[in-house]
Amino acid sequence: MRPAKLAIVGGGPSAFYVASRLLSLLPHGDPSSPFLRVHMFDRVWAPHGLVRYGVAPDHPEVKNCTHKFDAIALDPRFRFFGNVNIDCDGLLPAPSALSIPISSIFSNYTHVLFATGCPLPALHPAIPPSRYCIPAISFVHWYTRHPSKPFPPALDSFTHLTLIGNGNVSLDIARILLTNPSALEKYDLPEQVLDVLFRSAIKHVSIIGRRGPLQAAFTNKELRELMNLPEAAMVPIDPSVLALPDGTRLTRQQRRTLELLQQGSQKAYGTTPKSWSLEFYRSPTSLSPPSLASSTGMSQLTLAHTRVDPITGRAIHTGETSTLSTSVVVTSLGFRAEPTALFLDPSVNHLRTHAGRILSASGAVVPNVYASGWAANGAKGVLASTMMDAYAVADTILSDITPGKERIQSTAVSEYLSNEKSSGPILNPRPHPEDPPKEVAQGIEDGTVLQYGDWKAVDAEETRRGEIRGKERERMNWEDAKAFLASRRRV
């Protein structure tokens, strides 16, 4: 049985769950366990992906999975390398990161897993990003202090914000904007973000959905949280919007959604300083910036009225339109893979896979190359489904590195790369058993590449700084973290 050395490209939940499953099924020190090393690479300096940079700050319980991730990192067979951008045409640039070619991964590992997620926002064709239209991911990256450093929104000059899309990300953004910032101070929100929220002039948030309440993407938990805000009330929904055609059969969740929408918010509309509305059966067709003669500075969002086709379930235009005045539009329509990503299937906007294995353009398996999570399945599911998918992919990897398993039809990596008009070596069947690529080793020496022990030191320091302020933590950016780690090395 040859030693296995797995590179995991990506450091989010899926990556950690795969590593956890593999290392737990092959216990360290068990003579029957094959030799295994797992090296994880993330293009940003801090691990945990969307758990750190996507979870709403007032949902700290969702981050409890990081305790499991910390336990994985204690296994001596595991190493994490943060701030390493694998340049395989499919990852977004990271200005502060060390960039290395994908060939360095292929030549140093026997197996490779892509757990790179879907890092780009899905955009609306009718309203591209502009000064008046912001992708939701930029907003989320702002309040989570993502290394991409998006500009803070000009909330002090906005009175009305419109969200396109009614999934949980939209409701997270609405809730953050409609909550008194003093109630958010105890959470994992950077001081710079709180300063902007305290200056916010937002009075109303509109949440637009192209279909009806039965097709809404939000969960009832998120809806209840919005309903129960003490300083923001929901505009009552026209009963005709909530009326159902005869014979409609509801799931338990749909029935509860309708009940919540019929009950309305805890505070009556008109009694609170802020308000919000759910606008169903509306689809944007254009966004006109404020005119020079405008005294309000409001953009004009044109909305086509829609209905749901009973056969296809898709939203179709009725021919009617209306216009909504708004300070800014935030589009929250999901996520997609980088269009030039290696192994991308453009028809589905994620990597070409079957049961966790990367496929060639002809449908044959590329040996010892895998994908998990959003990279393999698209941007869908929650942490629980991500974990189950990751475990299944880990089992597939395990079947390839342990003997006695049926062989599968495969295509050499070199042949695949040739077919895709790329270049690069095949995976190395006998790499150095312990060492990362030489560029990464040098990056560790230079202080550019962060390891998990470094992260835990930063984690403890963020928590300490937060405790001083009476909050969960005070986040560092890369410059802060690098300076802090350098100061520790000098002691």
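This dialogue explains how to read several features of the predicted model shown above.

Me: What is a nonpolar core, and which residues have the most contacts inside the largest one?
Reply: A nonpolar core is a set of buried Ala, Val, Leu, Ile, Met, Phe, Trp, Tyr and Cys residues joined through side-chain atoms within 4.5 Å. Buried means under 20% relative accessible area, exposed means over 50%, and partly exposed lies in between (1.4 Å probe, protein chains only). Here the largest nonpolar core has 45 residues, and I8, W45 and F78 have the most contacts inside it. Another core lies apart from it and has 44 residues, including F139, L171, L178 and V330.

Me: Where is A7 found, and is A7 buried or exposed?
Reply: Helices (H or I, at least four residues) and strands (E, at least two) are DSSP runs, numbered from the N terminus. A7 belongs to strand 1, residues 4-9. A7 counts as buried because its relative accessible area is 0%.

Me: Which residues are in contact with A7, leaving aside its neighbours within four places in sequence?
Reply: Contact means heavy atoms within 4.5 Å. With those neighbours left aside, A7 is in contact with H39, F41, I105, Y109, H111, V112 and L113. As for distance, A7 and R37 are 30 residues apart along the chain, and their C-alpha atoms are separated by 8.5 Å.

Me: How are two packed helices described?
Reply: The description uses the angle between their axes and the distance between the axes. Axes are lines fitted to C-alpha atoms, for helices over the stretch in contact, and angles run from 0 to 180 degrees between N-to-C directions. Angles under 35 degrees count as roughly parallel, over 145 as roughly antiparallel, 65 to 115 as roughly perpendicular and the rest as oblique.

Me: At what angle do helix 1 and helix 12 pack?
Reply: Helix 1 (residues 13-25) packs with helix 12 (residues 383-401) at an angle of about 45°, and their axes are 8 Å apart. Helix 1 is therefore oblique to helix 12. On the side of helix 1, the residues making the contact include Y17, V18 and L22, and on the side of helix 12 they include M387, Y391 and L398. By class, the residues of this contact are twelve nonpolar, two polar and two charged. For these classes, Ala, Val, Leu, Ile, Met, Phe, Trp, Tyr, Cys and Pro count as nonpolar, Asp, Glu, Lys and Arg as charged, and the others, Gly among them, as polar.

Me: What is the handedness of the crossing of helix 1 and helix 12?
Reply: A crossing is left-handed if the near helix is turned anticlockwise from the far one by less than a right angle, and right-handed if clockwise. The crossing of helix 1 and helix 12 is right-handed.

Me: How do helix 1 and helix 3 pack?
Reply: Helix 1 and helix 3 (residues 66-73) pack at about 50°, with axes 10 Å apart. Helix 1 is therefore oblique to helix 3, and their crossing is left-handed. In this contact, P13, F16, Y17, A19, S20 and L23 of helix 1 meet K68, F69 and I72 of helix 3.

Me: At what angle do helix 6 and helix 8 pack?
Reply: Helix 6 (residues 168-178) and helix 8 (residues 220-227) pack at about 20°, with their axes 10 Å apart. Helix 6 is therefore roughly parallel to helix 8. The crossing is left-handed. The residues of their contact comprise five nonpolar, one polar and four charged.

Me: Which value of phi does N349 have, and where does N349 lie?
Reply: N349 is not a glycine, yet its phi is positive, about 60°. N349 lies in the loop between strand 18 (344-345) and strand 19 (350-351). N349 counts as partly exposed because its relative accessibility is 33%.

Me: Where is S372 found, and is S372 buried or exposed?
Reply: S372 lies in the loop between strand 22 (365-371) and helix 11 (374-377). S372 counts as buried because its relative accessible area is 1%. Not counting residues up to four places away in sequence, S372 touches S14, V18, L113, F114, A115, D389 and V393.

How values were computed. Residues numbered from 1 in each chain as written. Predicted model: local features only at pLDDT ≥ 70, side-chain atom pairs only at ≥ 80, totals over all residues. Heavy atoms only, no water.
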